[in-house]
Amino acid sequence: GIQRRNGGACWSPQITDFDLDKIALLSGLEELNLGIGLSLGRPSSSGAVGNCRVAGGITITGLGVEKLSKLKNLRWLEISGAQITSAGLKSLQSMPRLERLSLWNCKAIDDAAAPLLAAIPSLSNLDLSNTSVGNQTLQALAALPSLKLLYLTETNVTPEGLAAFHKQKPAVFVSWAGGTSK
């Protein structure tokens, strides 16, 4: 979590790809929450988040996620704020039980992630908020048989794309607001 110091600095552990070697040995692990990242919240002009200067976070890339692909029992993965690209998500396809995935604030995730995410049939809860995904991703996610919750706040999804998705998947709850509708 984040800890606050009296001087206004907030810090969390710094998690890197190197740290995931040991975590990947926990073969029975079902839930892994590494999220937050350095980009927590909206920084002020001074670089502080609110009145908090954030230190620490995660610098996980596709290499780190590939290490985690050994965790065959993993049901929930929270890597919000990671420095992962869409291509770095490919190894998630080898996690047969992955139901919940949070990629909130993973700035390099875009529509190239669509086919990779759609190839994880067990996904039921997916957070892509504050990424660059758009309508193409929604079209691909409509193929997910187990999808129940989808978070898309501050993405490139348009109202038209959302309406088309709802026609295909009316039972899926979608949280969407503040998009950069183009």
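Reply: Let's start with Asp17 and what it touches: leaving out residues up to four places away in sequence, its contacts are Thr59, Ile60, Thr61, Leu63, Gly64 and Lys67. Keep in mind that this is a predicted model. Asp17 itself sits in the loop between β2 (9–15) and α1 (20–23).

Here's the curious bit. Asp17 is buried, yet it has no salt bridge. The nearest side chain of opposite charge belongs to Lys67, and that is 6.3 Å away. A salt bridge here needs the nitrogen and the carboxyl oxygen within 4 Å.

So which residue does Lys67 pair with? Its salt-bridge partner is Asp21, with the closest N and O atoms 3.1 Å apart. That pair ties together distant parts of the chain, since Lys67 is in helix α2 and Asp21 in helix α1, 46 residues apart. Lys67 is buried, at 17% relative accessible area, while Asp21 is partly exposed, at 35%.

Searching the whole structure turns up 3 salt bridges. Glu30 lies in the loop between α1 and β3 (31–33), and Arg75 in the loop between α2 and β5 (76–78), 45 residues apart. Arg75 also meets Glu31, this time at 3.5 Å. Glu31 belongs to strand β3 and is 44 residues from Arg75. Through these shared partners, Glu30, Glu31 and Arg75 join into one network. Each member is partly exposed: Glu30 at 39% relative accessible area, Arg75 at 28% and Glu31 at 42%.

The largest nonpolar core has 43 residues, and Leu117 and Leu150 have the most contacts inside it. Both α1 and α2 are among the elements giving two or more residues to this core, along with α3 (114–118), α4 and α5. Among the residues Leu150 touches are Leu126, Leu138 and Phe165.

Phe165 takes us to helix α5 (159–168), where Gly161, Leu162 and Phe165 are buried. Looking down the helix axis, the buried residues fall within an arc of 100 degrees, so they line one face of α5. On its other side, Glu160 and Lys167 are exposed.

How far can you trust all this? The mean pLDDT is 85, and 78% of residues reach 70 or more. Over residues 37–49, though, it is below 50.

Terms used. Residues are numbered from 1 along each chain as its sequence is written. This is a predicted model: local features need pLDDT of at least 70, side-chain atom pairs count only at pLDDT 80 or more; totals for chains, interfaces and linings use all residues. Side-chain values use heavy atoms; hydrogens and water are left out. pLDDT is the predictor's confidence in each residue, from 0 to 100. Contact means heavy atoms within 4.5 Å. Helices (H or I, at least four residues) and strands (E, at least two) are DSSP runs, numbered from the N terminus. Buried means under 20% relative accessible area, exposed over 50%, partly exposed in between (1.4 Å probe, protein chains only). Lys and Arg count as positive and Asp and Glu as negative; His and the chain ends are not counted. The arc is that of the directions from the helix axis to the C-beta atoms. A nonpolar core is a set of buried Ala, Val, Leu, Ile, Met, Phe, Trp, Tyr and Cys residues joined through side-chain atoms within 4.5 Å.
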